[in-house]
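Here are my notes on the model you sent over, point by point. Have the structure open while you read.

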Amino acid sequence: YPLPSTTILPPMTKLDKITISPPLCYLLDTQQITCLGYVMNESDNNVGDVTLKAIFLDASGEVQNEEEFTLEQRNIDVGEVAPYRIQVENRQLESTYLQIQVIGARLASDSPLPLRLLDMQGTYHLEENHYQFIAELENPTAFIANRTRLIITLENEAGDIIGYRVADVPDQLSSGARIPIHLLITPLEATTTIRHRITLEAFPSDISPTPEG
């Protein structure tokens with residue numbers, strides 16, 4: 001199936017060491033295509049609120065549609081990556097080119113809490129085509145954890161991104177608390193060799209006690 005020819009445009013932000021990997025596009029059904037890739041932080045600072053723009057062009061270079069979206073991963077540490085997803089309707093791909101550009105980013109101001117994932121297990125079930133991730137999430141800090149978010153990205157043997165899931169922990173996590181994590185992720189490519197990459201984000205609650213020093 002003819003998938004879009006993609007060009008990565010230079011960033012429109014002073015934080016210009018944020019790069020984008022070319023997307024891999026997968027046909028979901030007759031109506032929609034999903035394109036996945038990584039945003040990489042090659043700067044010397046942690047960055048946050050990275051916003052991308054996807055521009056769809058026809059064969060003559062006329063803009064058909066533009067879409068802006070902020071990454072679900074709130075911060076990207078130095079040298080780390082965050083996944084992105086672009087949903088494309090099939091009708092937009094009849095002789096269409098895709099351009100992707102970083103249009104916004106800031107220096108990360110929040111200091112995340114170092115929560116821990118214990119007893120992690122990732123299992124791929126080929127017959128159902130789902131990846132099962134099980135772990136226990138622990139808050140070993142003296143703070144109450146708030147806005148806790150897990151980003152689990154699936155990669156094939158070549159290191160290509162073949163799916164990801166973002167899971168928010170709805171409740172605050174008290175100091176010393178542990179909760180079970182159980183997630184199912186559907187990869188966009190059925191392959192026997194799948195590995196996962198995990199980013200864990202959490203921030204101190206406003207009502208956290210001040211640790212005694």
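1. Start with the charge over a ring at Tyr38: the charged end of Arg197 sits over this ring, 5.2 Å from its centre. Bear in mind throughout that this is a predicted model. There is another such arrangement at Tyr164, where Arg85 lies over the face of the ring, at 4.0 Å from the ring centre. If you were hoping for ring-on-ring pairs, a search of the whole structure turns up zero aromatic pairs.

2. Next, the sheet with strand order E13-E12-E15. This is an open sheet of three strands, and the pairing is antiparallel. Its edge strands are E13 (161-168) and E15 (195-204), each of which pairs on one side only. Between neighbouring strands of this sheet the turn is 15° on average, direction ignored.

3. Have a look at how E12 is held on its two sides. Strand E12 covers residues 145-155 and is joined to E15 by nine bridges, with the two strands running antiparallel. Two of the residue pairs are handy for orientation: Asn146 has Phe203 of E15 as its bridge partner, and Glu155 has Arg195 of E15. Towards E13, strand E12 pairs in the antiparallel sense over seven bridges. Here Ile151 stands opposite Val166 in E13.

4. How much of E12 is covered? Mostly covered is the answer, with nine of its 11 residues buried. That strand turns up again in the next point.

5. On to the nonpolar cores. The largest of them has 28 residues, and Leu115, Leu117, Leu137 and Ile181 are the ones with the most contacts inside it. At least two residues of this core come from each of E4 (32-41), E10 (116-125), E11 (130-138), E12, E13 and E14 (178-185). The largest share, five residues, comes from E12. There is also a second, separate core of 21 residues, which includes Val50, Ala82, Tyr84 and Leu98.

6. Not counting residues up to four places away in sequence, Leu115 touches Leu137, Glu138, Asn139, Pro140, Ala145, Thr148, Leu173, Leu200 and Ala202. Ala145 and Thr148 on that list fall within the 145-155 range of E12.

7. Now the other three-stranded sheet in these notes, with the order E10-E11-E14. This sheet is open too, with antiparallel pairing. E10 and E14 stand at the edges with a single partner strand each, so one side of each is left without a neighbour in the sheet. The twist averages 10° from one strand to the next. E10 and E11 run antiparallel and are joined by eight bridges, and Gly122 has Phe133 as its bridge partner in E11.

8. Two backbone angles to check by eye. Which residues other than glycine have a positive phi near 50°? One of them is Asp119, with phi near 50°. Asp119 lies in strand E10 and is exposed, with a relative accessible area of 64%. Asp49 also has a positive phi, of about 50°, although it is not a glycine. Its place is in strand E5, residues 47-57. Asp49 is partly exposed, with a relative accessible area of 37%.

9. Last, a loop residue. Where does Leu15 lie? Leu15 is in the loop between strand E1 (5-8) and strand E2 (18-20). Leu15 is partly exposed, at 21% relative accessible area; the cut-off for buried is under 20%. Leaving aside neighbours within four places in sequence, Leu15 is in contact with Val47, Ala105, Arg106 and Leu107. From C-alpha to C-alpha, Leu15 and Glu42 are 9.8 Å apart in space, and they are 27 residues apart in sequence.

Definitions and conventions
Residues are numbered from 1 along each chain as its sequence is written. This is a predicted model: local features need pLDDT of at least 70, side-chain atom pairs count only at pLDDT 80 or more; totals for chains, interfaces and linings use all residues. Side-chain values use heavy atoms; hydrogens and water are left out. Rings of Phe, Tyr and Trp (its six-membered ring) pair if their centres lie within 6.5 Å; planes under 30 degrees apart count as stacked, over 60 as edge-to-face and the rest as tilted. A charge sits over a ring if NZ of Lys or CZ of Arg is within 6 Å of the ring centre and within 35 degrees of the ring normal. Helices (H or I, at least four residues) and strands (E, at least two) are DSSP runs, numbered from the N terminus. Buried means under 20% relative accessible area, exposed over 50%, partly exposed in between (1.4 Å probe, protein chains only). Contact means heavy atoms within 4.5 Å. Two strands pair if DSSP finds at least two bridges between them. Axes are lines fitted to C-alpha atoms, for helices over the stretch in contact, and angles run from 0 to 180 degrees between N-to-C directions. A nonpolar core is a set of buried Ala, Val, Leu, Ile, Met, Phe, Trp, Tyr and Cys residues joined through side-chain atoms within 4.5 Å.
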